[in-house]
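Here is a short tour of one protein chain, written for someone new to reading structures. Keep the picture open while you read.

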Amino acid sequence: MTLSRCTASLSRRTASLCTALLLATGALAGCGGDDEPDAKATSPAAGAPSSSGPADFGCMTEDGDPVETKQGAITFKSSEGDVTDGYLAGTGTTGVVLAHQRGGSVCEWKPYADRLVEAGYQVLAVNSMDKDVAEIMGAAELLKSKGARKLVLMGASKGGTAVLEAAVELAPQPVVVVSLSAPETYGTMDASAAVPKLTSAALFMAAVDDISFAQAAQYLHKGAAEAKDKRLVIDKNGAAHGVLLFDHEQNWTTVEKFVAEHTK
């Protein structure tokens with residue numbers, strides 16, 4: 001089954017249900033790793049302790065130098081008490097939590113985490129073990145304990161769904177939420193139920209040819225009626241999904257400016 005056949009001539013709601021089915025069965029490509037493996041089949045059990053020593057995640061050493069890994073890789077507790085790995089970097093009074101997409105890891109966010117650090121933010125990229133909302137909430141609390149007075153949540157695909165749900169469960173809500181290619185629902189997460197309660201500034205982004213995700217972005221944007229500020233960005237250049245939207249530099253610039261505008 002292909003996404004184009006699944007979504008052709010269907011209503012927005014039907015297309016979303018179809019997309020959820022494809023996500024669940026692994027038939028939808030482009031949401032994570034090269035082959036989009038089943039995240040539940042390949043991830044460690046939730047709450048499993050990290051291996052001894054700092055995690056590498058496969059992307060955090062340079063020329064075999066472990067110094068960056070030792071400084072950046074951390075283990076922290078989710079809001080439910082589960083052990084979670086992540087990449088922590090930067091200083092500052094604005095903290096940014098990054099949530100990856102299905103089949104992904106910290107590595108998909110690391111280049112952008114480092115750019116945010118250069119811009120003066122404190123950043124924690126979460127290596128999800130499928131308790132996304134609790135992991136994001138735990139990451140937010142950790143950043144606050146390290147001096148962050150303002151929070152930004154940013155997520156890709158299922159991570160985008162998760163940051164929307166986590167945002168309305170945090171008190172106070174983050175100042176900014178950025179959702180990239182988020183489905184309305186994923187597993188037990190329901191962004192469509194969360195966005196009417198969202199008071200943060202919110203940016204929703206998807207690619208025009210990533211059909212049902214573009215439809216979901218429009219629906220979620222419309223539903224965020226109480227958001228302090230809300231923006232909808234539909235990339236007209238193809239079907240890039242999640243973090244791959246940032247392959248078009250203008251999309252990263254748009255997000256960076258939106259975050260800066262609301263965290264001054």
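How many bridges join strand 6 to strand 9, and do they run parallel or antiparallel? Strand 6 (residues 176-180) and strand 9 run parallel, and five bridges join them.

## Before you dig in

This is a predicted model, so local features are given only where pLDDT is at least 70 and side-chain atom pairs only at pLDDT 80 or more, while totals for chains, interfaces and linings use all residues. Residues are numbered from 1 along each chain as its sequence is written, and side-chain values use heavy atoms, with hydrogens and water left out.

## The whole chain

The protein chain has ten helices and ten strands. Helices (H or I, at least four residues) and strands (E, at least two) are DSSP runs, numbered from the N terminus. Of its 264 residues, 52% count as buried. Buried means under 20% relative accessible area, exposed means over 50%, and partly exposed is in between (1.4 Å probe, protein chains only).

The accessible surface of the protein chain comes to about 11,400 Å², and carbon and sulfur atoms hold 51% of that. Those areas come from the Shrake-Rupley method with a 1.4 Å probe, and for residues only the protein chains shown count as cover. Now for contacts, meaning heavy atoms within 4.5 Å. Take the contacts with a separation of 6 or more: residues 24 or more positions apart account for 73% of them.

Two strands pair if DSSP finds at least two bridges between them.

Helix 5 (residues 106-118) has 13 residues, and its end C-alpha atoms are 18 Å apart, which agrees with the 18 Å it should span at 1.5 Å a residue. The expected span is 1.5 Å times one less than the number of residues. Helix 5 bends by about 30° at Tyr112; the bend is the angle between axes fitted to the seven residues ending there and the seven starting there. Its buried residues include Trp109, Tyr112 and Leu116. Just after helix 5, Gly120 takes a positive phi of about 105°.

Helix 9 (residues 211-223) also has 13 residues and reaches 19 Å from its first C-alpha to its last, close to the expected 18 Å. Among its buried residues are Phe213, Leu220 and His221.

Is Thr161 buried or exposed? Thr161 counts as buried because its relative accessibility is 0%. You'll find Thr161 in helix 7 (residues 158-169). A polar atom of its side chain lies 2.7 Å from the backbone oxygen of Pro183. Leaving aside neighbours within four places in sequence, Thr161 is in contact with several residues, including Pro183, Tyr186 and Met189.

Gly95 sits in strand 3 (residues 94-99) and is buried, with a relative accessible area of 0%. The C-alpha atoms of Gly95 and Lys150 are separated by 6.2 Å, yet the two are 55 residues apart along the chain. Setting aside neighbours within four places in sequence, the contacts of Gly95 include Gln122, Leu143 and Lys150.

Most residues other than glycine have a negative phi, and most peptide bonds are trans. Which residues does a cis peptide bond join? It joins Ala171 and Pro172, with omega about -5°. Pro172 is in the loop between helix 7 and strand 6.

Asp130 has a positive phi of about 75° although it is not a glycine. Its place is in the loop between strand 4 (122-127) and helix 6 (132-145), and Asp130 is partly exposed, with a relative accessible area of 30%. Ser181 has a positive phi too, near 55°. Ser181 is in the loop between strand 6 and strand 7 (185-186), and Ser181 counts as buried at 0% relative accessibility.

Key
Polar contact = N/O pair within 3.5 Å; in protein donor to acceptor, adjacent residues only side chain to side chain.
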